[in-house]
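Biologist: I would like to learn how to read a ligand site in a model. Please take it step by step.

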Amino acid sequence: MSIKLTQSQVMLHQMVTDFADKEVKPLDILIDKQRNFPAELWDKFVNTGFLGLTIPEEYGGAGFDVIASSQTVYDFAVRNASIAFTLEGHYKSVDQVLKYGTTELKEKYLPQANNRIFGFSSTEPQGGSNVMGHTAKAVKEGDKWVLNGNKTMITNGGLAEVYCVLLKTSPTELSCFLVDEDMPGFKHGKRENFIGMNGTPIGEIFLENVIVSEEHLLGTVGQGVAIGDNAHYDARILMGAIAAGITEHALNIAIDYAKQREVKGEPITQLYSIQEKITEIAIAKENTQLLYQEAAKLKIAGKPYAKVATMAKSYGSRASYTAADHALQVLGGYGYSREYPVEHLLRDARALQLAEGSLEKMMIEIAKEVVSEGKE
Ligand SMILES: Cc1cc2nc3c(=O)[nH]c(=O)nc-3n(C[C@H](O)[C@H](O)[C@H](O)COP(=O)(O)OP(=O)(O)OC[C@H]3O[C@@H](n4cnc5c(N)ncnc54)[C@H](O)[C@@H]3O)c2cc1C
């Protein structure tokens, strides 16, 4: 770990690991197979206050910073990546309400975010990468906005009750609105039949003449792309933490198995081929952790963090996938079995190359930054 946690962060970390060891770790494979968090786990999770971790105390939350939230996401991801992914979707959405919401909106919705899940919705069925190709729109009528359109692939979609939604307010601009599932005209659609992160529903929403007041506009008219980018950068710190957590999970499984599996009377930890894989996984975990923690430190210091956050997710998304693959190989044939947890790590890690910006888009973003820095 490259950062020194404060006393309250150490206490939080201890509380999270105790909770995750007792309540989440034993259910890891079950969550993947059932494609859901068991209801009792969910109730305990919400009642323990994990949703309100980053919400300022004045709104009823615990007021922790991104060092603490990324550490928490990591601690959960070491036991089950889905539960960490659900938190990531919630925290990054709450962050945008906090940053761009009016005082009235924050007073109304942030206290609710302590026990209602939030999501962030940009992607549409015809495409996610090209946001200017979106068709869902908001039209001003008097002092209200009328919202219409279909959004898809939302992390926590269906589970979330409140959404930040990017909508066209003119052919050349997007704006961001806060939409509540209780509003007339709001409908949840189907859940995606995705291959991994099975505890987290990813789903669609429909807006049919949903009417919202001006205070539901986050930021200003036309600021949607900037808010979407900001949400991505906040999320990528947490996605880096999930990648590091999956990698640590793969490492733990590989080491436990290799210590007790014998070939010719010796544990396979004595074989160079196994040592090499374990070493590669361990290095990947350290590197990913350094990157997301550096991004978190930059964010707290008020410095630009987009590039390092994007590096954390782009590096971590591939490193965690490779780590899961190495761990599968350490377990031999059992690694390929659904009775062991490694195969779902492979499927979970794969999501990280798509969600919060595809790997290809991130590569372009990083290259642009690095090349422009090189000009100076
Ligand atoms: C697990 C998961 C969770 C998700 N959660 C959310 C969420 O919470 N909210 C949300 O709004 N969306 C979410 N998404 C959607 C995600 O953001 C999109 O899948 C992603 O933006 C890519 O969009 P697309 O799937 O439409 O692919 P497309 O945009 O159609 O792209 C297809 C391929 O072309 C490449 N490509 C496209 N444009 C370019 C370009 N300009 N340069 C180089 N390559 C390009 C892409 O990288 C990809 O490989 C989630 C997706 C997944 C898998």
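Modeller: What follows is a short walk around the ligand in this predicted model.

Biologist: Which residues come nearest to the ligand?

Modeller: Begin with the neighbours. Thr123, Gly128, Ser129, Met153 and Ser358 come nearest, out of 21 residues around the ligand. By class, this shell holds 10 nonpolar, 8 polar and 3 charged residues.

Biologist: Which helices and strands each supply at least two residues of the shell?

Modeller: They are helix 5 (81–100), strand 1 (118–121), strand 3 (144–155) and helix 11 (359–375).

Biologist: Why does the ligand lie between domain 2 and domain 3?

Modeller: Look at which domains give residues to the shell. Domain 2 (118–223) and domain 3 (226–375) both do, so the ligand lies between them.

Biologist: What about polar atoms?

Modeller: Check the backbone. A polar backbone atom of Phe120 is 2.9 Å from a nitrogen atom of the ligand. For Met153, a backbone N or O atom lies 3.0 Å from a ligand nitrogen. Gly128 has a backbone N or O atom 2.7 Å from an oxygen atom of the ligand. On its own the ligand has 960 Å² of accessible area, and the protein covers 69% of that.

Biologist: Which pocket does the ligand take?

Modeller: The ligand takes the space of the largest pocket.

Technical notes
Residues numbered from 1 in each chain as written. Predicted model: local features only at pLDDT ≥ 70, side-chain atom pairs only at ≥ 80, totals over all residues. Heavy atoms only, no water. Near = heavy atom within 4 Å. Polar contact = N/O pair within 3.5 Å; in protein donor to acceptor, adjacent residues only side chain to side chain. Areas by Shrake-Rupley, 256 points an atom, 1.4 Å probe, with all protein chains shown as cover. 1 Å grid on protein atoms, 1.4 Å probe; cavity = no way out; pocket = protein on both sides within 12 Å on 5 of 7 lines; lining within 4 Å. Sits in = over half its atoms within 2 Å of the grid points. Helix = DSSP H or I, 4+ residues; strand = E, 2+ residues; numbered from the N terminus. Nonpolar A, V, L, I, M, F, W, Y, C, P; charged D, E, K, R; others polar. Domains from an automatic or database assignment.
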